[in-house]
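This report covers one protein model, from its overall dimensions down to single residues. Please keep the sequence and the coordinates at hand while reading.

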Amino acid sequence: MYHYKVRDDQRIRLIVNTDAKNEADDQFCIVHACLTPKFDIKGIIGAHFGTRRTTESMQESVDECRKLMELMELNLPVLCGAKAAVQSETEYEYSEGAKLIVEEAMKDDDVPLYAIFLGPLTDLACAYLHCPEIAGRLTAIWIGGGKYPAGGIEFNLSNDIKAANIILQSPIDLWQVPMDVYSKMLVTYAELEARVRPYGKIGRYLFDQMMEFEGGIKMDLRKRGWPPGECWSLGDSPTVGLLISPQPFRAHEQEVPVIDEEMRYSFTGSGRKIRVYHDIDSRFILEDMFCKLKLNYGKETVE
């Protein structure tokens, strides 16, 4: 596979939480994570993505993750997350995905634990509400939330505002990549056709599922300029890049906001601080993904 090795003391434990069938970018991030030897992936959790398009969003995410594992011939566990958003601090689903987060966090293990959230923060909030002791025992990275300082409409946040507030106000170590930053992960269709599609069944699937999703986008969205044509944003992939090395990225310590139902941020002046990224190196991330696909599937070219 690779002619380099990652030392044991450089490896990390990783949980991937993903609303994989919501759009077409999660799949690239999941595959990239699975091909990264620094990561000891403990499980992949299928997350819900609301009820706008389906009443079975969590199960669709789980099914999509299992399909990716089959195409990659991997046996990583794929677990069900909560079916819906947190209702209150006493009304939530302690799913098998939330249970995995708790079990891994509470293990007596010197290898650091990270969990990446590519959709809502539902399963992390459920895990924390069930077992607050996980705080201080893992680092969460969330793709979500609007631009600072105002906030605003953002899809991942919209699917569980209550969960986001629970985690923001908790002591859990959190790195946030808001919408204005993750949207910088632009890649062209031509680039994906040349550097992803030829490499194995998984490369072909990654490209084809994006084209299928793009073809199904409704006209009202197209009239509003999305997608722009010939390119996409792989907005979930910063999580992988940050964990390979945070050095090429820029972040600041930010007071946590309180988020209202319109997804606007407000600040009390006494909130805790989290790490918020304000710039990413998209080429660092994309080139690593392209190379790993080629190194792993270069002999399995699919026409």
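## Overall form

The model is predicted. Its secondary structure comes to 12 helices and 12 strands. Taken along the principal axes, the C-alpha atoms fill a box of roughly 55 × 50 × 35 Å.

The radius of gyration is 18 Å, which agrees with the value near 19 Å that a compact globule of 303 residues would have. Of the 303 residues, 55% count as buried. Taking contacts between residues at least 6 apart in sequence, 78% join residues at least 24 apart.

## Strand pairing around E12

Strand E12 covers residues 273-279 and runs parallel to strand E6, residues 173-177. Two bridges join E6 and E12. In this pairing, Trp175 stands opposite Arg275 of E12.

Strand E12 also pairs with strand E9, which spans residues 250-255. Here the two strands run antiparallel, and six bridges join them. Arg250 stands opposite Asp279 in E12. As a general point on side chains, those of a regular strand alternate between the two faces of the sheet.

## The second largest pocket

The second largest pocket has a volume of about 190 Å³. Its lining consists of 13 residues, and those closest to the pocket centre are Met1, Cys34, Leu35, Thr36 and Leu74. Two elements give two or more residues each to this lining: strand E2 (39-46) and helix H12 (282-297).

What is the make-up of the lining by class? The lining of the second largest pocket has 10 nonpolar residues, two polar residues and one charged residue.

## Glu64 in helix H2

Helix H2 runs over residues 57-72 and includes Glu64. Is Glu64 buried or exposed? The relative accessible area of Glu64 is 4%, so this residue is buried, the cut-off being under 20%.

Which residues does Glu64 contact, apart from its neighbours within four places in sequence? They are Ala20, Lys21, Gln27 and Tyr205.

## Backbone details in loops

Glu73 lies in the loop between H2 and strand E3 (78-80). With a relative accessibility of 70%, Glu73 counts as exposed, because the cut-off for that class is over 50%.

At 8% relative accessibility, Met263 counts as buried. Glu73 is thus exposed, whereas Met263 is buried.

A further backbone feature is the peptide bond between Tyr148 and Pro149, which is cis, with omega at about 5 degrees. Pro149 is placed in the loop between strand E5 (139-143) and helix H5 (155-158).

Terms used: Residues numbered from 1 in each chain as written. Predicted model: local features only at pLDDT ≥ 70, side-chain atom pairs only at ≥ 80, totals over all residues. Heavy atoms only, no water. Pairing = 2+ DSSP bridges. Helix = DSSP H or I, 4+ residues; strand = E, 2+ residues; numbered from the N terminus. Buried < 20%, exposed > 50% of the residue type's maximum accessible area, 1.4 Å probe, protein only. Contact = heavy atoms within 4.5 Å. 1 Å grid on protein atoms, 1.4 Å probe; cavity = no way out; pocket = protein on both sides within 12 Å on 5 of 7 lines; lining within 4 Å. Points joined across faces, edges and corners; volume = space filled by probe spheres on them. Nonpolar A, V, L, I, M, F, W, Y, C, P; charged D, E, K, R; others polar. Rg over C-alpha atoms; globule rule 2.2 N^0.38 Å.
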